Amino acid sequence: PDGRTLFPVWPIYDPELALTLFFATLGVVFLPKVLGLLAALLDRANRSLRSMTRLAGAVLVETLLSVLLAPVQMLMQTRAVAEILAGRDSGWPAQRRHGQRPALADLVMFHWWQMAAGVLLTFACFRISWHVMLWMSPVIAGLVLSLPLSWWTALMPGPLLDRLLSTPEDRDRPPILRAREQRAREWRQLLIKA
């Protein structure tokens with residue numbers, strides 16, 4: 001109320017509005033994936049059962065990885081913003097390329113606080129209610145599993161995952177890329193001979 005009251009007037013929790021907000025959020029997050037999948041499935045090149053299965057599997061794997069990696073990214077970005085606001089260099093280290101396996105010590109040093117946050121969040125949610133813990137399980141799983149997820153996603157994908165997540169250009173190289181690769185091989189041979 002606008003006037004003064006003797007006791008506080010707390011906002012009333014409306015489960016219907018909360019559910020509407022939840023589904024609206026899911027729509028914002030998943031609608032681009034669903035529309036992309038539908039557009040790919042409606043493309044004549046992807047009408048075979050094999051293509052449709054690969055597309056659905058790729059969307060499922062990408063969605064699962066996105067859900068698990070999002071809390072880790074959130075904490076990393078929050079830390080970077082806090083370091084910038086504190087006047088410190090938040091750093092931008094070079095990425096590892098070509099599936100080099102990161103050292104376990106480096107991963108532990110990088111992810112220990114995210115895993116600790118996941119464990120603390122688990123206990124806090126469980127103290128409130130197991131329903132809350134279940135609701136927060138995607139966030140908790142992403143944080144607790146941040147070290148093995150980081151290790152696994154840094155490796156080269158296996159043949160199944162590589163095929164599942166490949167693009168049509170990966171499977172059938174365009175002529176211009178094949179020509180570039182051929183010229184690169186020829187130049188390497190010329191440099192070796194020189």
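## Aromatic cluster

Phe22, Phe23 and Trp135 form one aromatic cluster. Rings of Phe, Tyr and Trp (its six-membered ring) pair if their centres lie within 6.5 Å; planes under 30 degrees apart are stacked, over 60 edge-to-face, the rest tilted. The model is predicted: local features need pLDDT of at least 70, side-chain atom pairs count only at pLDDT 80 or more, and totals for chains, interfaces and linings use all residues. Residues are numbered from 1 along each chain as its sequence is written, and side-chain values use heavy atoms, leaving out hydrogens and water.

The structure holds two aromatic pairs. In one of them, the ring centres of Phe22 and Trp135 are 5.0 Å apart with planes at 50°, so this pair is tilted. Phe22 sits in helix H1 (residues 15–42) and Trp135 in helix H4 (residues 130–135), so the pair links distant parts of the chain, 113 residues apart. Helices are DSSP runs (H or I, at least four residues), numbered from the N terminus. Phe22 is partly exposed at 28% relative accessibility; Trp135 is exposed at 57%. Buried means under 20% relative accessible area, exposed over 50%, partly exposed in between (1.4 Å probe, protein chains only).

Six salt bridges turn up in the whole structure. Each is a side-chain nitrogen of Lys or Arg within 4 Å of a carboxyl oxygen of Asp or Glu. Glu62 and Lys33 form one, at 2.6 Å, N to O. Glu62 lies in helix H2 and Lys33 in helix H1, so the bridge ties together parts 29 residues apart in sequence. Glu62 is partly exposed at 35%, and Lys33 is partly exposed at 24%.

Thr63 also lies in H2 (residues 49–85). Thr63 is buried, at 15% relative accessibility. Leaving aside residues up to four places away in sequence, Thr63 touches Phe30 and Lys33. Contact means heavy atoms within 4.5 Å.

## Other salt bridges

Arg79, Glu83 and Arg88 are linked in a network of salt bridges. Arg88 meets Glu83 at 3.5 Å, N to O. Arg88 is exposed at 52%, while Glu83 is buried at 13%. Elsewhere, Asp172 and Arg178 meet at 3.9 Å, N to O.

## Helix H3

H3 bends by about 50° at His111. The bend is the angle between axes fitted to the seven residues ending there and the seven starting there. Buried residues of H3 are Leu107, His111, Gln114, Gly118 and Cys125. Their cover includes H2, H4, helix H5 (137–144) and helix H6 (146–154).

How values were computed: Helices (H or I, at least four residues) and strands (E, at least two) are DSSP runs, numbered from the N terminus.
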